[in-house]
Amino acid sequence: MNFFQILILAIVQGITEFLPISSSGHLALVPYVTGWPDQGLMLDVATHVGTLFAVLLYFRKDLLDILRGVLLRKATDEAREARYLCLNLFIGSVPAVLAGAALFYIAKTDLRSLLMIATMTLFFGAVLGVSDILFKGSKPLRAMTYWDALFIGIFQIFALFPGTSRSGVTMTAARLRGFDREEAARFSMLLSIPVITGAGLVTSIKLIQTRQFDLGMDALIAGGVSFLVAYLAIGILMRWINRIGFMPFVWYRLVLGTVLMGLYLYS
């Protein structure tokens, strides 16, 4: 792939990884629009590593608070709150880890078809809209219960289906449990860290086993660009989400899903 193709794919991945609009839906659309070949596993790993570093950097304060709370075991309210958040993140990650056993089977089915991506983009876009309109909660993360975390984690399993949007479905679940938009987005971002890490490790193992692991300039460019774009996307989302709500993303998903469905029907 040439530099321009790598740049576009890294930008698309960086923007869509954390916004509730489905990165897989966009990455499926790119080849249909441009005729470009598949980006390959190496670039996939590089862009995911870039987005992982972006979320780690943006939420560094939360992560440092969690580390201090877990390691130092202080008796302050802040330390207890950090430990409680860490436990809820662990609980929220368990369902996705358990469901990961199905990934091998899913990879061999036609779940990555354009029809599946279009359907999931439309359906979960509509669900996000309903949750944002009807469930106007204002709970902070410190009020999260273990059942809240488990509920959000169970919803995260749907992200195994391309087009769902991991960030979108976890934000939807958090809204359904009564959390305000910013706190729903914050928990979703933090919950992405173990998921992206795990997915990156699995893909890296596949590359090493097939002797395709080559950290060349293309991978470095893709990782760097996706890092910068993802960091900006997270910042914009966290700054504006309480003001604009999720409806702009819902309408965008409905348009994208309709386009993908049209491509499927007329291809």
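1. For a chain of 267 residues, a compact globule would have a radius of gyration near 18 Å, and because the protein chain has 18 Å, the two agree. Please keep in mind throughout that this is a predicted model. Taken along the principal axes, the C-alpha atoms of the protein chain fill a box of roughly 55 × 40 × 35 Å.

2. As to secondary structure, the protein chain contains twelve helices and zero strands, so that reading along the sequence gives the pattern α-α-α-α-α-α-α-α-α-α-α-α. Among the contacts in the protein chain with a separation of 6 or more, 83% are between residues 24 or more positions apart.

3. On burial and surface, 47% of the 267 residues of the protein chain count as buried. The protein chain exposes about 13600 Å², of which carbon and sulfur atoms supply 69%.

4. Is aspartate 132 buried or exposed? With a relative accessible area of 2%, aspartate 132 is buried, because buried means under 20%. Leaving aside neighbours within four places in sequence, aspartate 132 is in contact with Arg175, Arg181, Gly245, Phe246 and Met247.

5. Which polar partners does the side chain of aspartate 132 have among these residues? One is the side chain of arginine 175, with a polar contact of 3.2 Å, and another is the side chain of arginine 181, joined to aspartate 132 by a polar contact of 2.9 Å. The side chain of aspartate 132 also reaches the backbone nitrogen of phenylalanine 246, at 3.1 Å.

6. Arginine 181, seen from its own side, is found in helix α10, which covers residues 181–209. With a relative accessible area of 19%, arginine 181 still counts as buried, because the cut-off is under 20%; a reader who relies on this label may wish to keep both numbers in view. Not counting residues up to four places away in sequence, arginine 181 touches Asp132, Arg175, Ile241, Asn242, Gly245 and Phe246.

7. Lysine 136 is found in the loop between α7 and α8, the latter being residues 146–156. Lysine 136 is exposed, with a relative accessible area of 64%, and its side chain reaches the backbone oxygen of isoleucine 133 at 3.3 Å. The C-alpha atoms of lysine 136 and glycine 178 are separated by 6.7 Å, although these residues are 42 residues apart along the chain.

8. Arginine 60 has its place in helix α4, which runs over residues 60–72. Its relative accessible area of 44% makes arginine 60 partly exposed, and a polar atom of its side chain lies 2.6 Å from the backbone oxygen of leucine 57. Between the C-alpha atoms of arginine 60 and aspartate 148, which are 88 residues apart along the chain, the separation is 24 Å.

Technical notes
Residues numbered from 1 in each chain as written. Predicted model: local features only at pLDDT ≥ 70, side-chain atom pairs only at ≥ 80, totals over all residues. Heavy atoms only, no water. Helix = DSSP H or I, 4+ residues; strand = E, 2+ residues; numbered from the N terminus. Rg over C-alpha atoms; globule rule 2.2 N^0.38 Å. Buried < 20%, exposed > 50% of the residue type's maximum accessible area, 1.4 Å probe, protein only. Contact = heavy atoms within 4.5 Å. Areas by Shrake-Rupley, 256 points an atom, 1.4 Å probe, with all protein chains shown as cover. Polar contact = N/O pair within 3.5 Å; in protein donor to acceptor, adjacent residues only side chain to side chain.
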